[in-house]
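Dear colleague,

Please find below the structure that I am handing over to you. My notes on its architecture follow directly after it.

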Amino acid sequence: MEIKKKDIRALTKDQLRAFFVKQGDKAFRGNQVYEWLWQKSVHSFEDMTNISLKTRKMLKDNFVINHIKVDQMQRSSDGTIKNAVRLHDDLVVESVLIPTPSRTTACVSSQVGCSLDCRFCATARLKRMRNLNPDEIYDQVVAIDNESRLYYGRPLSNIVFMGMGEPLMNYNNVLKAIDKITSPEGLGMSPKRIVVSTSGVPKMIKKMADDDVKFKLAVSLHSAIDEVRTSIMPFNATFPLTKLREALQYWYAKTKNRITYEYVVWDGINDTKTDVDALVEFCKFAPSKVNLIEYNPIDDGEFQQAGSKALDMYVNVLEANNITVTVRRSRGKDIDAACGQLANKGQ
Ligand code: SAH
């Protein structure tokens with residue numbers, strides 16, 4: 001009878017060392033294998049060339065390496081690359097490589113589907129199937145780093161958790177993945193180059209502050225008026241703005257890291273002076289920056305990007321109040337790789 005083998009990357013380094021000691025081998029063997037699994041990211045035990053054939057076979061008899069597989073890679077006319085990533089249980093998530101002259105950013109997924117219900121987001125229409133494991137998040141980053149080297153001749157420089165899913169609803173695994181990404185035993189990237197984007201789960205924002213995390217925080221705000229926000233992000237009824245604000249103040253008090261708000265301005269939804277005034281008030285609670293992002297239509301025409309008049313008003317009022325504001329163009333639209341468009345369309 002075939003027994004179900006365990007994913008070897010679910011073991012910590014210490015557990016791996018202990019496993020080898022139990023096998024009558026040296027603990028050091030665990031370090032070697034760990035390095036193959038993470039730093040060198042091998043897909044099979046056969047590739048562990050400094051491990052004896054006998055040991056490789058023993059590992060193969062006991063474990064599997066649940067590696068992701070890039071099923072399909074699409075390249076946009078602006079250089080953006082979207083990967084459809086197949087997981088060991090055949091579910092699919094997407095991740096995106098965004099090149100600019102000065103950096104390469106990976107936009108990675110944290111869940112298969114999403115548990116939230118933002119009405120303007122294509123991913124929200126997929127059922128949340130499950131959380132991604134730390135190695136599945138890590139592998140997406142490795143795949144994009146390889147593509148960046150191959151197509152753009154430079155390593156990956158930044159990571160944003162803005163793909164599918166709500167990272168703070170898979171907090172433990174996201175944290176473990178970031179540990180590996182930033183560790184010298186993994187990719188050795190600086191946490192300052194990582195942004196975790198959340199729709200705003202107050203309890204988890206406080207937890208991040210308590211955990212003294214070193215990466216950056218972005219909040220998808222879209223409105224600083226409860227009624228409006230609840231109408232476009234229904235979970236706001238459960239986590240209203242007063243709770244979010246309180247959590248963000250706590251975050252700032254502990255980390256002294258400023259907060260970035262992501263914000264789309266839509267026609268007839270949040271395009272009035274009252275809306276921008278509410279945003280200014282919200283930004284006063286902690287040093288903040290506002291990214292006005294372009295809306296990427298998700299086909300039923302219910303939401304429309306506001307025109308330049310409304311955008312100019314936002315920029316002028318925010319700047320008059322000394323709040324940093326940037327207007328961001330979207331990337332990879334032609335291949336459905338832009339914010340809010342990840343929905344496994346080809347699958
Ligand atoms: N759940 C997390 C991360 C995924 S969404 C979060 O909410 O932050 C990444 C960003 O894309 C968020 O700011 C989200 O509000 C935005 N977004 C979602 N749908 C969009 C769309 N159709 N056009 C533009 N931005 C969108």
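In what order do the ten strands of the open sheet run? The order is β3-β4-β5-β6-β9-β10-β11-β12-β13-β14, with mixed pairing; two strands pair if DSSP finds at least two bridges between them. Helices (H or I, at least four residues) and strands (E, at least two) are DSSP runs, numbered from the N terminus.

This is a predicted model, in which local features need pLDDT of at least 70 and side-chain atom pairs count only at pLDDT 80 or more, while totals for chains, interfaces and linings use all residues. Residues are numbered from 1 along each chain as its sequence is written, and side-chain values use heavy atoms, with hydrogens and water left out.

I259 stands opposite S288 in β13.

Helix α4 (residues 134–152) lies across β3, β4 (81–86), β5 (92–99), β6 (104–107) and β9 (158–161), and runs at about 40° to β5. Axes are lines fitted to C-alpha atoms, for helices over the stretch in contact, and angles run from 0 to 180 degrees between N-to-C directions.

Helices α6 (residues 202–210) and α8 (residues 241–255) pack at an angle of about 5°, their axes being 8 Å apart. Therefore α6 is roughly parallel to α8 (angles under 35 degrees count as roughly parallel, over 145 as roughly antiparallel, 65 to 115 as roughly perpendicular and the rest as oblique).

The protein is divided into domain 1 (6–64) and domain 2 (69–335), with bounds from an automatic or database domain assignment. Their C-alpha centres lie 35 Å apart. Seven residues of domain 1 are in contact with eight residues of domain 2. The two domains bury about 800 Å² between them, 45% of it on carbon and sulfur atoms; buried area is the accessible area (1.4 Å probe) that two parts lose on being put together, summed over both. In domain 1, the most area is lost to domain 2 by R9, W38 and Q39, together 61% of what that side buries.

Finally, N66 lies in the loop between β2 (63–64) and β3. N66 touches D7, R9, H88, D135 and D139, not counting residues up to four places away in sequence. N66 and D7 are 59 residues apart in sequence and 6.0 Å apart in space, C-alpha to C-alpha.

With kind regards

How values were computed
Contact = heavy atoms within 4.5 Å.
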